[in-house]
Amino acid sequence: MRGFELSRRRFAGLAATSALAMPYVSTTALGAASGEIIMANFGGGPAASFRNAYGLPFQEETGIKFRVIEVPSTETALISSASAPQYNSSYHSFAGAMRLYKMGITEAIAIDDYPELADIPEKFLPKIDDKHLVGLPVHFGFYGMCYNRDFAKAEELKSWNALISPKFKQRVSATRPTFASLYDVPWYSYMLTGDQKKLDAGIAQYRKVIANSVTAYTSMAQNNQLLERGEAVASAYYASTVWTKKREGINNVDVLIPEEGALMLPYVLVIPKNCPWPEAARKFLAYASTPAPAERALEGTGSLPFNTKAKVDDAMIKARFNYTLPDLVKQLYSPDWAFVEATRLDLIKRLEAEVLMPQ
Amino acid sequence: MRTRSLVLSLFGYAALVFILAPIVIVVIASFSPARYMEFPPPSLSLRWYREVLGSSDWLGAFGSSIVLAFCVATATTAACFLAALVTTRRRFVGKSLLEMLVQAPLLLPNAALAMALLALLVQIKGRGTLGGLWIAHCILVMPFVYRPLVNGLRQFDLGLEEAAMTLGSPPLRTFRLITLPAIKPSLITAFAFSFIISFDEVTASVFLVGVNYTTLPVKILSDIQSDATPAIAAVSTLLMLLTMTFVTIVSRMVGIGRVIGSRSGH
Amino acid sequence: MRLSRAAFLLLLPVLGMILSLGTGVFALIEQSFVGADGLSLKAFQAFVSRREAMSVFLYTHQMALLVSAICVVVSFPLAVFLVRKQNQAYVLLIMMPLLVSIVVRTYGWMVILGPRGLINAALMGAGITTAPIRLMFNTTGVVIGLVHIYIPFATLSILTVYSKIDRSLVDGAAALGAGPWRVFSRIILPLAMPGVIAAASIVYLLTIGAVVTPLLLGSIQQMMLGSMIYDQMLVTFDFPSAGSAAIILTLSAALAILPLQLADRWVTRKLPAERS
């Protein structure tokens, strides 16, 4: 008994000591990573797609090691590591990249360094000035009318105004002000007035959609669940989610572009300022601007290449998005993202004032 | 008397059903064969368990979280126990202030606390390391640990200690044989609380992890950005299974079988 | 009344943690309030002048009050039940929700409470209602979600105290002819009071800081200040707004639980253990 007591105490002491000492040991064991490309990307689909379509082929071609770190938000990842940059590449929306550049967190991309940019239509370049961009455009998706086919028909959703019709009262879902400020409101403003800067119209429309919603979703995971279960039957939402569902053989959620058109969602790669090994980061961006990786990325997440030289499987695009690539480009609206970014914070506050009153 | 017991039991079981209902659904949905959660699942499959257990990413994050939670629980329980020994036995200038400050991490809203901890870790260059997260989590769980320990010690009859010492028992021996067993339930509660809170913490950790070190909840949060696959449900199920096994083994080994109500006289 | 050196040494680890937190909080305050033109209270004024921010603020405190009241009322009998059960497996069961990721837990709730969920299907199937009733994506949903996840905190706080109540006092009172209600109100409740107070304060503070549950189980009108702050920090990086909101929330939370802290001190003085 006594011996047992002793060993038990010794065990407890040992456990406590090792628990206290452990963190220090591993702190010193972890060195700063260098000699590789470390990219911040959204977990799940995007990260996997970048690893397979961009990272690994790049690694094979150049011998530079490539690693994707999955994060909940790439902007948060860059901002919270700004004082000691750990990533040398990161994936963002146009507006997000503009904000990061303004905050002094990312470096300007010199157009002359990337000859392949000549193959991207000029209106898709997020310019700072004639010679610089906030990020390198890689591909785009769109914000379409996503719906559950078991509970709504395509004919009922021919116009974006379906989202505010009494027929779908409390049966649609919408995003919250933080993202509505980026996508819904600029789009509705343009759709209703022909001018994205006439925000009042867009705000009023968004307020009506919210009033018609079963809930305002918080994460893509949540809205996917809502749409799949039919708790919400339609939503202004990322078309790429429909692509990945169809890829998995789930066909009850579909996407269409109403007669007014839809919003284009462009994405870019950025390089954080003072990042480790910037030369390799630029090399990676140069590789990312070529057609080959964008062609490969399409199948995984439905990201459509900007590079006009990229060859894409239009039959697949038609099967998963219901439109061919030229059809899509024709119907998609590309707003002035600099304006969207510059007015975003004020817009969020205005939207909150409109829709946030509890009860 | 009997009807009151019956009512109590009914209430107790009803509460348990309320607590477990959504959990049971998650467990069942974790056996979905599809990429999306479905209830009831059309058929049962272990696809997502294979996926989770076969992925070094998941296992790595899982291991990191366990190590972190263990270090945090041990250190905080020890530190708060020592402090509670003093605050429950001595009056001193600044005691109220100290007790208030111990509660401070609970007073600060999650997001503010997250920013404060990030600022701290940036200063001590601990961002993205186990050591940094350890310090941050210790601060985070401190109020949850301190409170049960103080409550446990307050109810402990100091007369017992005095009697033992009067009878010639040396202080450490008294402590080990009288004090420690009496407040064991509080210690175990404190440890369990801090372990689970640290294991589950995500709002602050999101800011604090780095490229070489991440925790399971942050990995889950990253993973659900695009979709919540049944993998998350499988991870949660495994977690519950593991916790139950762990607690059962520990209680058999260290003999904390009857931690609650050990003096309730039933 | 001064501390001996030994006592001071025992306090040292906790003091270290408090000082570390202090360093971080100081940096946060600096970030929120020191603008380009020196110290500024602009962010504060901006918060107070926003009607919707104030209404979110009030809603947050209402919810905290409601949730902590429900948690205490549910947790007290639950704690008694668990103590009687004498089986730690039950205690473990009530901690299980803490181990299940909030996102999948919400999925569980959606299956049960959603417009197309089990409860509504049962109600409509039995002909009790014709249209689905709203059990989530409103205040009901948020309350259910928060009570669900904070019950373990409240129950364990009460349980640790309740399980130490000396049964001889209870039995003695009963033997002397005190009725069950009298035993409860005069003996059990006062002795368990520190646990009840701890439970109420912890749940109040946790609710005030809640971020994810209100977002997932409520709709947009159920926005709570914790979620708003988190959005401002994570999504829009509006640190001055977030910082001022956080400080207002912190101060109001401290003020709100002050009565509980005073009650705790009063109750403690009546308990025998503490001495100078």
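Accessible areas were computed by the Shrake-Rupley method with a 1.4 Å probe, and for residues only the protein chains shown count as cover. On this basis chain C exposes about 11,200 Å², of which carbon and sulfur atoms supply 69%. The structure is a predicted model, in which local features need pLDDT of at least 70 and side-chain atom pairs count only at pLDDT 80 or more, whereas totals for chains, interfaces and linings use all residues. Residues are numbered from 1 along each chain as its sequence is written, chains are lettered from A and ligands numbered from 1 in the order in which they are written, and side-chain values use heavy atoms, with hydrogens and water left out.

Secondary structure was taken from DSSP runs, with helices (H or I) of at least four residues and strands (E) of at least two, numbered from the N terminus. Chain C contains 12 helices and two strands. The order of these elements along the sequence is α-β-β-α-α-α-α-α-α-α-α-α-α-α. The C-alpha trace of chain C spans about 70 × 70 × 30 Å along its principal axes. A residue is called buried under 20% relative accessible area, exposed over 50%, and partly exposed in between, with a 1.4 Å probe and protein chains only. Of the 276 residues in chain C, 60% are buried. A contact means heavy atoms within 4.5 Å. Among the contacts in chain C with a separation of 6 or more, 70% are between residues 24 or more positions apart.

Charges were assigned by residue type: Lys and Arg count as positive and Asp and Glu as negative, while His and the chain ends are not counted. Each charge is placed at NZ of Lys, CZ of Arg, CG of Asp or CD of Glu. Chain C carries 18 positive and 9 negative side chains, and the centres of the two sets are 12 Å apart.

Chain B has 11 helices and zero strands. Its C-alpha atoms fill a box of roughly 70 × 60 × 30 Å along the principal axes. Buried residues account for 60% of the 266 residues in chain B. In chain B, 69% of the contacts with a separation of 6 or more are between residues 24 or more positions apart. The 20 positive and 11 negative charges of chain B have mean positions 11 Å apart.

Helix 6 of chain B covers residues 130-155. The expected span of a helix is 1.5 Å times one less than its number of residues. In helix 6 of chain B a kink of about 45° lies at Val141(B), shortly before the proline Pro143(B). Helix 6 is mostly covered, with 24 of its 26 residues buried.

Val141(B) is also one of the residues in contact with Ser194(B); Ala73(B), Thr77(B) and Val145(B) are the others, leaving aside neighbours within four places in sequence. Ser194(B) lies in helix 8 (residues 171-200) of chain B. Its relative accessible area is 0%, so Ser194(B) is buried. From Ser194(B) to Leu216(B) there are 22 residues in sequence and 16 Å in space, C-alpha to C-alpha.

Thr215(B) is located in the loop between helix 9 (205-208) and helix 10 (216-223) of chain B. Thr215(B) counts as buried because its relative accessibility is 2%. Not counting residues up to four places away in sequence, Thr215(B) touches Ala61(B), Ser65(B), Leu68(B), Leu133(B), Ser205(B) and Val209(B).

Some backbone angles were noted separately. Most residues other than glycine have a negative phi, and most peptide bonds are trans. Phe39(B) and Pro40(B) are joined by a cis peptide bond, with omega about -10°. Pro40(B) is in the loop between helix 1 (2-29) and helix 2 (47-53) of chain B. Lys125(B), a residue other than glycine, has a positive phi near 55°. Lys125(B) lies in the loop between helix 5 (110-123) and helix 6 of chain B, and counts as exposed at 70% relative accessibility. In chain A, Asn322(A) lies in the loop between helix 12 (314-321) and helix 13 (325-331). The phi of Asn322(A) is positive, near 75°, and Asn322(A) is partly exposed at a relative accessible area of 28%.

Technical notes
The bend at a residue is the angle between axes fitted to the seven residues ending there and the seven starting there.
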